[in-house]
There are 2 protein chains.
Amino acid sequence: MDVTPEWVVDGLVAKVRLGLDAEALRMAASELIARHPLIHDSTKQLSLQIRKGSDDPWYESCFRDADIAPETEYDMLNPELEDTYFKEVFAAFPFPVFRARLMALTSRHCYSVHHDETPRFHVAIETSKHAPFVFVDRNEVFRVPADGDGYWLDTRQEHTAMNGASDLRIHLVVGLDQWA
Amino acid sequence: MDVTPEWVVDGLVAKVRLGLDAEALRMAASELIARHPLIHDSTKQLSLQIRKGSDDPWYESCFRDADIAPETEYDMLNPELEDTYFKEVFAAFPFPVFRARLMALTSRHCYSVHHDETPRFHVAIETSKHAPFVFVDRNEVFRVPADGDGYWLDTRQEHTAMNGASDLRIHLVVGLDQWA
């Protein structure tokens, strides 16, 4: 790995410079969602990576870990994204990623407090100061800025994310084995 | 006032010992909600104090500040509560209170980030470690324990509360002029 993560919150959040065009990413996400709507009601999702043999590529990875294939199997970019800005986004990741999804949180909703099996890597697409992560055991509040860079979060620790703003919060979220 | 508040988070949260019976309060709330259901969908409410001449005593104070009478006018206990444990609860408050409500937050919901005109005083009835306040500018996470005591919170600062657990979170919330 040729990047040096920069700790933002010790042991919990590290920034990785990706140098993406935040506005291009926002437009690409908007166009994609118009073609393939996010699934679920308040914690909305769309799969960007697929696995071999999937018959529901846009949504198959959008269910609970226990109800899908092992998440490392979702490791191929959906071919329909080859000609979009997402191709550049995935090329910018300095490590292999899997189960990439757009994850959106509607106004006045939060996730159940939970922990993931692996850390997650987030690129914020649409967000606000009122849509932070809350690491409940650490009592840490952290906002991922929509700055075109990526943020590794140790989501193996108990956490949630909330949206106390009126607009949709949209993140690109990927799984990764680095720093696990 | 004959109580000494004990700071829990400097300038933000103070505990006031009320010595209530947390289980009796829980039962009283449960019985009351069975008779008079909470209003609204995800951020549910029920008025406990009324104002003179109200024709909708259980719900009139459950709307936005701009849509109700000045909140200090809701200063009389609903007469139907005279023979319930709520009578003792209100007698235990060592200062005048107004616009008392039961406020419930359903699973995986949060309030819009906002600030109130006055501080609020909370007695937690049903809660969990996954249902904290988040003071977004201060980056403070605070859980009101359901311990039969009361917690003054400087809700004039930007905040929200979230429920990342599966059970309903229910607080008794009152307005007060003390320490304003």
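In what follows, a residue is called buried at under 20% relative accessible area, exposed at over 50%, and partly exposed in between, with a 1.4 Å probe and protein chains only. The structure is a predicted model, in which local features need pLDDT of at least 70, side-chain atom pairs count only at pLDDT 80 or more, and totals for chains, interfaces and linings use all residues. Residues are numbered from 1 along each chain as its sequence is written, chains are lettered from A and ligands numbered from 1 in the order in which they are written, and side-chain values use heavy atoms, with hydrogens and water left out.

Over all chains, the whole structure holds 34 of them. One joins Arg26(A) to Glu126(A), with the closest N and O atoms 3.2 Å apart. Because Arg26(A) sits in helix H1 (residues 22–35) and Glu126(A) in strand S8 (residues 120–126) of chain A, the pair ties together parts that are 100 residues apart in sequence. Helices (H or I, at least four residues) and strands (E, at least two) are DSSP runs, numbered from the N terminus. Glu126(A) is partly exposed, at 27% relative accessible area, and Arg26(A) is also partly exposed, at 32%.

Another salt bridge pairs Asp65(A) with Arg99(A), whose closest N and O atoms are 2.8 Å apart. This pair links distant parts of the chain, 34 residues apart: Asp65(A) belongs to the loop between strand S4 (49–50) and strand S5 (76–77), and Arg99(A) to strand S6 (residues 97–105) of chain A. Here Arg99(A) is buried, with a relative accessible area of 2%, whereas Asp65(A) is partly exposed at 37%.

Turning to how the chains are arranged, chain B can be laid on chain A by a turn of 180 degrees and a shift of 0.0 Å along the axis, with an RMSD of 0.0 Å. The two copies are thus related as by a two-fold rotation axis. In chain B, the C-alpha of His109(B) is the nearest to the axis, 2.1 Å from it. For these values, copies are superposed by least squares on the C-alpha atoms of residues with pLDDT of at least 70 in both.

Where the copies meet, 19 residues of chain B and 19 residues of chain A are in contact (heavy atoms within 4.5 Å). Since 100% of the interface residues of chain B are also interface residues in chain A, the copies meet through the same surface. The rule finds 2 salt bridges across this interface. The side chains of Asp137(B) and Lys129(A) form a salt bridge at 3.0 Å, N to O. Strand S7 (109–110) and S12 of chain B each supply at least two residues of the side of chain B that touches chain A, and the largest share of that side, 3 residues, comes from S12(B).

Thr155(B) is buried, with a relative accessible area of 1%. Leaving aside neighbours within four places in sequence, Thr155(B) is in contact with His115(B), Asp116(B), Thr118(B), Pro119(B) and Arg120(B).

Technical notes
A salt bridge is a side-chain nitrogen of Lys or Arg within 4 Å of a carboxyl oxygen of Asp or Glu.
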